[in-house]
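Take the stops in order.

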Amino acid sequence: MRALELADLALGRCSPNPAVGAVLVRDGVIVGEGYTQPPGGAHAEVMALRRAGEQARGATLYVSLEPCCHHGSTPPCTEALIAAGVREVHAATVDPNPVVNGRGIQALQQAGIIVHVGEHTEEAQRLNQGFFKYVRTGLPFVTVKYAMTLDGKIATRRGDSRRISGEASRTLVHRLRERADAILTGIGTVLADDPQLTVRLPPEARRPGSLHQPLRVVVDSRGRIPATARLLQDEYATRTVVATTEAAASCLRQRLAGTSAEVLALPAQNGRVDLAALMRELGRRGVLNVLVEAGGTLVAALLEHRLVDRVLAFIAPRIVGGACAPSPVGGAGVERMAEAFAARIDRVERIGNDIVVEASLSA
C-alpha cells in the first residue's frame, strides 16, 4: 500500500504526531500524495490535496490513519477533504486519539463522503505503534536492540564487542535509528565503547529529505560520563541528554558546563535513575519511539520495570564462549523458568549472514 510507504517517510520526523501517508487517486491515476510534515507543518491529507489541486474533486483518498477532525496546530483534515470535493476515503485504521477516535470518519460520512475502514489495518497499526501506545499511556514505545553470537554473547570476556553482526545488519540498525525519536544507552556502554549513536547511512540507503538524527539519552546514575565523550563533543551534542539522579546532578552540571548537553535530574530508586520517571519525561517531551542500545545491566533494569515493548535480536554466526563473556541481559535474572519474561515471536528474517528475531513482550 503506497500510503504506508509514504507514512514510513515521516517516522521519527513528525512526533508527537502520528506518521501518516495519503494517496489521492482519480480515474485509476495517482493525482496527489503526501506524508505528515514536522510538527506545525501540514498533515498527509493536506499535502496530497495540495499536489492534486482541482483533480482532487471526485477523487478517492487512501490514507494510513483516520483523518483528524480537531483543531490543533493545523486545521482539521476532514474539513480540507470535504472542501476539496473528495468522493471516497479508504482509511487503514481508526485514530485512537480521544479527540478523534471515529469522529473523523463520522464527519466525512455526514458530508456525504463514502468511507471504508480496515484495509491493511495490522500494518498501519504496527507502523504507528509508538503513537498508539503514547495516546493510551503517555509513554514511548521501547525497543531493545542487541547483536549477539550464536552462543548468546554480546562481547568477549575482555569486553571486545566490535563487529559482531554483518554489514547488512548494521545498515538496518542505522535505518532503525533514523526512525526513532530517541536512542537510549547506559554509562557502561559510553565508558566501554565511546559510541556516537548517530545515523550514518550512505546516500542510496537514505529516505528522501534531510537525515533525521534522534535524541541521545545516557543513563548515568552517578554522573561518571567524561566531558570528552564523543556524544558530548560532536555536532549533535545539543541533542544529547544525560539522565542522572538528583544527588549527582549538581556536580555533573559543573563538569559538563563546557558542553552543550542537557543534564536531566531524576528521582532515584535504590541509588539509580528511576527509569519509569525517565520514560514519563520522554513521553512529556513528545518522544514516541525509543531505541535502546545498551549493555546487559540497563536492559535487565528496563525489563524488570516492565518498560520494554519489543526486542530485536541480531544473531551472528559466531561462537565466542567463555563463562565470563557478557550476555544481552544482565542483572540477577529470575530464579525459576516460570518467572521468565514472556514474549511472542513476530518475525524471523535473514539479514545477510545474520538472523534477526523480533519479539513482542507481554504487558
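Predicted model: local features only at pLDDT ≥ 70, side-chain atom pairs only at ≥ 80, totals over all residues.

Stop 1: Select Cys68. Which cysteine sulfur is nearest to that of Cys68? The sulfur of Cys77 is, 3.7 Å away. A disulfide needs the two sulfur atoms within 2.5 Å, so Cys68 is in no disulfide. The search of the whole structure finds zero disulfides. Is Cys68 buried or exposed? Cys68 counts as buried, because its relative accessibility of 7% falls under the 20% cut-off. Now jump to Cys251. Cys251 is exposed, because its relative accessible area of 56% is over 50%.

**Stop 2: the largest nonpolar core.** Select Leu184, Val217, Leu278 and Leu302. Within this core of 33 residues, these four touch the most other members. Zoom in on Leu302. Leaving aside residues up to four places away in sequence, Leu302 touches Leu184, Leu275, Met279, Val292, Leu307 and Val308.

Stop 3: In soluble globular proteins, nonpolar side chains tend to be buried together.

**Stop 4: helix α6.** Select residues 129-137, which form helix α6, and pick out Val135 there. Val135 counts as partly exposed, because its 23% relative accessibility lies between the 20% and 50% cut-offs. Show its contacts: beyond residues up to four places away in sequence, Val135 touches Pro96 and Asn97. Finally, draw a distance from Val135 to Ala247. Their C-alpha atoms are separated by 32 Å, and the two residues are 112 residues apart along the chain.

Definitions and conventions
Residues numbered from 1 in each chain as written. Heavy atoms only, no water. Buried < 20%, exposed > 50% of the residue type's maximum accessible area, 1.4 Å probe, protein only. Core = buried A, V, L, I, M, F, W, Y, C linked by side-chain atoms within 4.5 Å. Contact = heavy atoms within 4.5 Å. Helix = DSSP H or I, 4+ residues; strand = E, 2+ residues; numbered from the N terminus.
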